[in-house]
Amino acid sequence: MPEQNDSVVMENLVKRFGDFVAVDGLNLEIRKGEVFGFLGPNGAGKSTTIRMLCGLLKPTSGRAQVAGYDVAREPEAVRQNIGYMSQKFSLYNDLTVMENLRLFAGLYSVPSNQLKERIEWALAMANLKGQENLITGTLPGGWKQRLALGCAVLHKPPILFLDEPTSGVDPISRRQFWDLIHQMAKEGVTVFMTTHYMEEAEYCNRLALIFRGKMVALGTPSELKRDSMKGELLLIECEPLGKAVEASQSAPEVMDAAVFGNAMHLVVPDADAAMPRMEKFLADRGISVTHIEKIRPSLEDVFVSLTTASDSAEERKL
Amino acid sequence: MTDQLKCAIEAEGLTKSFPGVRAVDALGFDVDAGEIFGLVGPDGAGKTTALRMLAGIMPPDAGKATVAGFDVVRNPEGAKHALSYMPQRFGLYEDLTVDENIRFYADLFGVKRAGRKERSAELLEAAGMSEFRKRLAGKLSGGMKQKLGLVCALIHRPKVILLDEPTTGVDPVSRRDFWRILYELAAEGVAILTSTAYLDEAERCHRVALLHQGKLLFCDTPANLKAGMRKGVLSVTSPDPRSLRSVLEHAEGISSLVLTGDGLHVVVDDAARRIPEFEARLKSANVHYDAIQQVAPTIEDLFVDAVGSGASPHA
């Protein structure tokens with residue numbers, strides 16, 4: 001029986017395609033009302049996982065429950081209890097706003113006695129009242145996105161799947177969109193988002209980082225930034241930059257050195273201790289340092305650090 | 001003139017309208033040799049239109065542009081010879097291998113046979129793709145396809161490259177590889193104009209032009225842009241960001257407040273003054289928080305501050 005609080009549960013979830021293990025033993029419990037982010041590079045197993053959770057693909061082994069229903073045994077019930085939105089594919093551009101809403105209401109079998117009320121609700125939520133007769137294809141990006149969200153939740157699903165919902169949209173529209181999502185979460189909707197855009201990941205309460213079918217990190221955005229980096233980050237502005245990067249790569253304590261705009265980023269085990277040593281190391285090689293500071297890693301730094309660490313662990317096994 | 005060319009790209013008053021919309025409105029900037037210049041803005045900001053005009057494939061309604069010293073309107077052929085333009089969907093032949101695609105573009109660009117192999121090997125090495133030379137382009141991952149597009153676009157050693165959202169749909173690991181190649185090219189003196197809809201990617205450019213609805217909002221180095229933001233940015237962390245918001249949203253001095261997954265991102269007039277005020281407010285409301293810290297502003301903060309944090313510009 002489903003646990004009351006967990007609206008998406010995965011237990012040793014595995015999916016194989018022939019010899020290829022796309023999803024390799026995932027264990028996760030996502031709580032009701034949580035905004036959860038599922039992060040990973042292309043090919044990490046994100047889509048395969050989503051397809052299993054939506055009841056579209058049977059797991060090879062293990063199990064998953066969505067809204068209390070087993071995805072392998074009750075896929076129909078699962079599908080009635082979820083909404084799905086992807087920015088790119090969900091709307092019909094040559095239909096009007098109202099026609100899209102009616103179409104999705106039909107697809108999701110919204111009872112006809114609730115149709116009017118639900119469409120009114122979706123229009124109000126998406127802030128699209130008075131725009132019902134506009135052709136969807138002519139709407140600005142932020143509007144389309146809110147319409148897609150409205151279509152995905154017409155049938156009041158307790159669980160909402162989002163696939164890169166706000167990539168490329170202007171920051172103000174993105175912020176409005178996420179306000180809506182957090183409002184729904186507050187009302188008890190569980191949100192499961194997949195993305196590889198760190199700008200979207202920051203809006204999640206918790207994140208799981210998945211790589212090669214396995215979960216390599218789990219935590220809040222702040223926890224991941226604080227605890228998951230292998231090492232600390234230094235930003236150094238210096239001249240000449242190219243020479244500095246090359247030299248730094250052979251410095252004993254430098255784990256990684258890369259150009260970043262007009263500066264370089266170094267990954268070191270202890271930033272405070274490394275600062276004076278690196279300044280001297282560079283000065284000894286004729287490189288003048290104009291600025292050096294310890295910086296907080298971004299989610300992207302964490303992401304790259306974890307996936308490359310996992311990569312080299314993999315290579316060592318071979 | 002060609003040897004001592006300082007500005008590899010010069011744009012002045014570039015303007016282009018389509019029915020009902022001014023896509024690019026009096027855009028002006030210049031890019032030096034060896035510089036990575038970012039055209040940064042959300043979808044619909046005018047980035048692609050600007051790049052098309054610079055590539056000489058779309059005539060501007062007004063204004064002028066030169067690329068490598070050639071006027072793109074009066075001498076588009078000269079300009080095309082010196083530049084390489086990589087549109088969002090670069091035309092790779094999916095049923096040809098990596099090597100065959102490169103050979104095809106080398107022929108198309110009229111690259112001499114001598115030295116071709118070396119150039120191709122060097123670019124593939126830099127892209128980390130040497131071992132995939134025999135693979136069909138259609139079987140490559142998204143990130144690999146973008147890198148192959150870049151390799152093809154670079155085969156004739158252009159002095160100027162124009163890239164339209166090269167990292168869209170590319171995951172962070174491949175994105176870093178891609179940027180490493182751009183930095184290497186810049187170090188060789190190539191001028192690079194690249195567009196991106198990811199404001200965080202702006203930080204990787206030497207200089208950026210921030211675009212919004214066809215207009216230039218700012219043009220400077222990311223560091224100068226951030227230093228020029230007079231407002232302070234605070235990060236307040238808590239396991240319950242919603243309660244934080246209900247306590248702080250009506251506090252004084254706030255120009256924007258965003259609910260994130262584990263806290264609030266708040267832009268205030270004066271960080272030093274507001275931090276203790278916020279702390280006091282949260283304490284008296286008995287709402288727990290982990291930390292309030294001043295953090296560096298992001299390019300997104302700057303964008304939102306310039307465009308206005310009210311309703312969406314369209315709404």
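**Exercise 1.** How many residues does the contact take from chain B, and how many from chain A?

*Solution.* The model is a predicted one, in which local features need pLDDT of at least 70 and side-chain atom pairs count only at pLDDT 80 or more, while totals for chains, interfaces and linings use all residues. Residues are numbered from 1 along each chain as its sequence is written, and chains are lettered from A and ligands numbered from 1 in the order in which they are written.

Step 1. With two residues in contact if their C-beta atoms, placed from the backbone, lie within 7 Å, the contact takes 39 residues from chain B and 42 residues from chain A.

Step 2. On the side of chain B that touches chain A, the largest share, six residues, comes from α6(B).

**Exercise 2.** Determine which residues of helix α4 of chain B are buried, and how they are arranged around the helix.

*Solution.* Step 1. Helices are DSSP runs (H or I, at least four residues), numbered from the N terminus. A residue is buried if 20 or more other C-beta atoms, placed from the backbone, lie within 10 Å of its own, exposed if 12 or fewer, and partly exposed in between.

Step 1. In α4(B), residues 116-126, the buried residues are Ser120(B), Leu123(B) and Leu124(B). Viewed down the axis of α4(B), these buried residues fall within an arc of 100 degrees (taken from the directions from the helix axis to the C-beta atoms), so they line one face of the helix.

Step 2. Glu118(B) and Glu125(B), on the other side of α4(B), are exposed, whereas the cover over the buried residues includes α3 (98-108) and α5 (142-154) of chain B.

Key. Helix = DSSP H or I, 4+ residues; strand = E, 2+ residues; numbered from the N terminus.
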